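Biologist: I would like to learn how to read a protein model feature by feature. Could you take me through this one?

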Amino acid sequence: MATVVRMPAVLAGATEAAIAHWLVAPGDTVAVGTPIAEIETEKALVEYAAEEAGVIGRLVLAEGESGEIGDPIAVLVGSGETGADIDAALGGRVAAKAVPQENSEPVHAAPAAAPGPVIADGLPASPATERPGGAAHGTNGHQAPAAGGRIFASPLVRKLAGERGIDLAALAGTGPNGRIVRRDLERFVAVTAAAGQAAGAAPAPLAPPGGATARDQAEHAVVRDDPRSAAPAAGGGTAPADRDLIPHTPMRRAIARRLTESKATIPHFYMTAEPVVDDLLALRKRVNEALPSSGQGAVKVSVNDFVVAAVAAAFRDVPEANVTWSDEGLVAYRSVDISIAVATETGLVTPVLRGVEGKKLSAIARETAALARRAREKQLLQHELEGGTFAVSNLGMYGTVEFSAIINPPQSGILAVGAARQQPVVADGAVVPATVMRCTLSVDHRAIDGALAARWLAAFTARLENPLGTLI
């Protein structure tokens, strides 16, 4: 029987993912564990392997298309199974792919010289294949749906179009066999906005989904601040369009969802320390001078690497702070796994550095640099983004003196590190210049009380001010 391969939950909390690259084609034989696709999540590119053996009968989603977790992405077939078996396994969900000419022909036994182009099922198709509902389409897949015909669009596109009040019948799909994909919707929005600007007047506001009263329509046009609807100018004309709509990326939506969840469910409180880091800076200089200039140990040690090492040492000093909250009870950890905040072009990701309490400073530097590089290249693996009890976010390199960070659930704390700057401090009754680095600790009050957090922050400060002891 044909087996449906579904979009896996490759990242905790993700609701959708996209096919970045298919590593197989229709007709290929796969075994359990064979990589079949690279799936792009909100924060990483994950290689997905087959969980069952079989022959690739159909690719339901094309490269670049998104689907919700659990949606069909491909179908595996056995010996002698046909396109009809695939359709039956999908329950009629064949919108993304053209229907084969002859359902009696085995999917994996397409003739070597087919009379027409080979389509996603691995079967020959005529230059114009009839869609369900009577809408014919060419092989280029750029065809708007016929009047009254079925509109082929991904679930994500239907959801976004409904939220924006866009009639999908007005869009021409560029996906497989004319399917409307997300890029078509985004292009339609951009073209509509540009047309309104060129005409010197804004188009009518989009109708809110599901029908609405006059008050609802006004709120949809004003409160939601659609950039395609320009406000009237003071002189009675139309103000020039001075805004652009930048569609949200999946990562930006994930960041918004997670941080909103954090602030809504985690009772944050904050503490600030000002460790003097002159000794740290001097030791860092000596360490980097001692490291080889090339080869495996060529990665230079950063101030942030010292911070991460001091965080791990502070958890060794105050192990009862290495906990997270759960509804059943506090979860205590024996290992110190620290998330490192990395800024990328599309948003912030937090890969996890594991077992930091047992790593040398040079190892922390190498692994952190490797994680940061792969994060910017979107090559992180699933396990590198999951777990961690604590996070470090450092904006000191941008000159930021102080900031407060939002906890990344389900972690119990995050340390916001500012720039190291010289300022006057009092030492032994005298005012002297010193380099101070302001660090703000955000804590989940459900898991850690104020006194415990203060003890941990004091231990961290001591470790940072005496960096040699951290390395021993």
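This is a predicted model: local features need pLDDT of at least 70, side-chain atom pairs count only at pLDDT 80 or more; totals for chains, interfaces and linings use all residues.

Biologist: Is valine 5 buried or exposed?

Modeller: Buried means under 20% relative accessible area, exposed over 50%, and partly exposed in between (1.4 Å probe, protein chains only). Valine 5 has 11% relative accessibility, so it counts as buried.

Biologist: And which residues is valine 5 in contact with, leaving aside neighbours within four places in sequence?

Modeller: Contact means heavy atoms within 4.5 Å. For valine 5 the partners are Ile36, Tyr48, Asp71, Pro72, Ile73, Ala74 and Leu76.

Biologist: How do things look for the protein as a whole?

Modeller: There are ten helices and 20 strands. Of the 472 residues, 46% are buried. Among contacts with a separation of 6 or more, 60% are between residues 24 or more positions apart.

Biologist: How many residues does the largest nonpolar core have?

Modeller: A nonpolar core is a set of buried Ala, Val, Leu, Ile, Met, Phe, Trp, Tyr and Cys residues joined through side-chain atoms within 4.5 Å. The largest one here has 54 residues, and Val307, Val311, Ile338, Leu415, Trp456 and Phe460 have the most contacts inside it. Helix α7, residues 303-317, gives the most to this core: nine residues. Another core, of 18 residues, lies apart from it and includes Ile19, Trp22, Val24 and Val30.

Biologist: How should I read the packing of two helices?

Modeller: Two packed helices are described by the angle between their axes and the distance between the axes. Axes are lines fitted to C-alpha atoms, for helices over the stretch in contact, and angles run from 0 to 180 degrees between N-to-C directions. Here α7 and helix α9 (residues 450-465) pack at about 130°, with axes 8 Å apart. That angle makes α7 oblique to α9; angles under 35 degrees count as roughly parallel, over 145 as roughly antiparallel, 65 to 115 as roughly perpendicular and the rest as oblique.

Biologist: Which residues make that contact?

Modeller: On α7, they include Phe306, Val307, Ala310 and Val311, and on α9 they include Trp456, Ala459 and Phe460. Helix α7 also packs with helix α8 (residues 361-376), at an angle of about 115° and with axes 9 Å apart. There, Asp305, Phe306, Val308 and Ala309 of α7 meet Leu361, Ile364, Ala365 and Thr368 of α8.

Biologist: With which side chain does threonine 440 make a polar contact?

Modeller: A polar contact is a pair of N or O atoms within 3.5 Å; within protein, one must be able to donate a hydrogen and the other to accept it, and residues adjacent in sequence count only if both atoms are side-chain atoms. Threonine 440 pairs with the side chain of threonine 272 at 3.3 Å. Threonine 440 sits in strand β20, residues 430-444, and is buried at 2% relative accessibility. A second example is aspartate 87 in helix α1 (residues 83-90), whose side chain makes a polar contact with that of arginine 58 at 3.0 Å. Aspartate 87 also counts as buried, at 17% relative accessibility.

Biologist: What about backbone geometry?

Modeller: Most residues other than glycine have a negative phi, and most peptide bonds are trans. In this model, a cis peptide bond joins proline 409 and proline 410, with omega about 5°. Proline 410 is in the loop between β18 (390-394) and β19 (413-427). Aspartate 428 has a positive phi, near 55°. Aspartate 428 is placed in the loop between β19 and β20, and with 86% relative accessibility it counts as exposed.

Notes:
Residues are numbered from 1 along each chain as its sequence is written. Side-chain values use heavy atoms; hydrogens and water are left out. Helices (H or I, at least four residues) and strands (E, at least two) are DSSP runs, numbered from the N terminus.
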